[in-house]
Amino acid sequence: MVAADLDVTVDLARSLLREQHPDLADRALELVANGWDNVVLRLGDDLALRLPRRELGAQLLRNEHRVLPLLAPRLPVSVPDPVRVGAPSAALGYPWPWGVVRWADGVAAATVPAARRTPWAEHLARVFVALHRPAPADAPVNDFRGVPVAARDEGFAERVALLPERVRARARAVWAEALAAPVFDGDPVWLHGDPHPANLVADGDRLSAVIDFGDVTSGDPASDLGTVWLTFDAEGRERFRAVVDAEARDGRGWDAGMWDRAKGWAVLYTAICFAYPDTHPVMVGVGEHAVEQLLG
């Protein structure tokens, strides 16, 4: 994991609450996640704090704060749209915006066996159908998501060596098929940007929340749909795809090359899952599952 630009502690979080949202400052406060970009603390029973731990994370949180209030009302799932917004504090030496969001019960879907995710495959598909609507020209820019597959060719070439050697030839073939697929030529649509199963919250047999919209952007929906190979087994993918494909039959206009491009994105994401085995072992598990689903 990259080093934090600033150590975010429970004491710092409580001081920020006392300074800016004193009515929440006496609630129980528990550190629950120290992630790549943000620290998450549970606040009482129904709320959570998200505080950036580095400058890049702060920009991603700014994206969420700008976009999620617009998207959340139309999405059929809980998302971390801010209940309260916190400001930088010169007095406390904290330089970035932060937020209070609703707490989502459950666990990261990446920690749940794939077969346990199948019951909510259609639900996640409906989330994407609702999300993937035309985005305005001022949507956040992301050079790594939603772009043409060819724009990630160099990145794929660098990362394919992260995959098990036995599947690299097959991975290159899948990537070649994605490159050969028709380029997306529709209106850019809203994208989550990073919808792997560690950013999905499962509560029993239901999808409780979709989190971490920091990479939110616009572009080709195939970029998001690649998650089906990381998240589901064959039955789950079939259920998911049936919902998405029904939109095409109803005039939504998904293009013919979408699933080939999505599979290419999936193989790129799978390679990335193996990049940080010491600090992100859960993602290695996601990658191992995806290898078998995509390339086994």
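**A friendly note on cores and a cavity**

1. The largest nonpolar core has 65 residues, and those that touch the most other members are L124, L163, F240, V244, W259 and V267. Helix α10 (residues 258–273) contributes the most to this core, with ten residues. Please keep in mind as you read on that this is a predicted model.

2. Setting aside its neighbours within four places in sequence, V244 is in contact with A125, V129, L225, W254, M258 and W259. Another core, of 20 residues, lies apart from the largest one, and its members include L16, L17, W96 and W98. As general background, nonpolar side chains tend to be buried together in soluble globular proteins.

3. Next, helix α1. Within α1 (residues 10–20), the buried residues are L12, A13, R14, L16 and L17. What covers them? Among the elements over the buried residues of α1 are the strands β1 (29–34), β2 (38–43), β3 (47–52) and β5 (98–102).

4. Which residues line the largest cavity? They are D37, N38, R50, G57, L60, L61, E64, D212 and G214. By class, four of the lining residues are charged, three polar and two nonpolar. Helix α2 (residues 55–71) gives the most to this lining, with four residues.

Notes:
Residues are numbered from 1 along each chain as its sequence is written. This is a predicted model: local features need pLDDT of at least 70, side-chain atom pairs count only at pLDDT 80 or more; totals for chains, interfaces and linings use all residues. Side-chain values use heavy atoms; hydrogens and water are left out. Buried means under 20% relative accessible area, exposed over 50%, partly exposed in between (1.4 Å probe, protein chains only). Helices (H or I, at least four residues) and strands (E, at least two) are DSSP runs, numbered from the N terminus. Contact means heavy atoms within 4.5 Å. On a 1 Å grid over the protein atoms alone, a cavity is a set of points where a 1.4 Å probe fits but cannot get out, and a pocket is an open set with protein on both sides within 12 Å along at least five of seven lines; lining residues have an atom within 4 Å of a point. Ala, Val, Leu, Ile, Met, Phe, Trp, Tyr, Cys and Pro count as nonpolar, Asp, Glu, Lys and Arg as charged, and the others, Gly among them, as polar. A nonpolar core is a set of buried Ala, Val, Leu, Ile, Met, Phe, Trp, Tyr and Cys residues joined through side-chain atoms within 4.5 Å.
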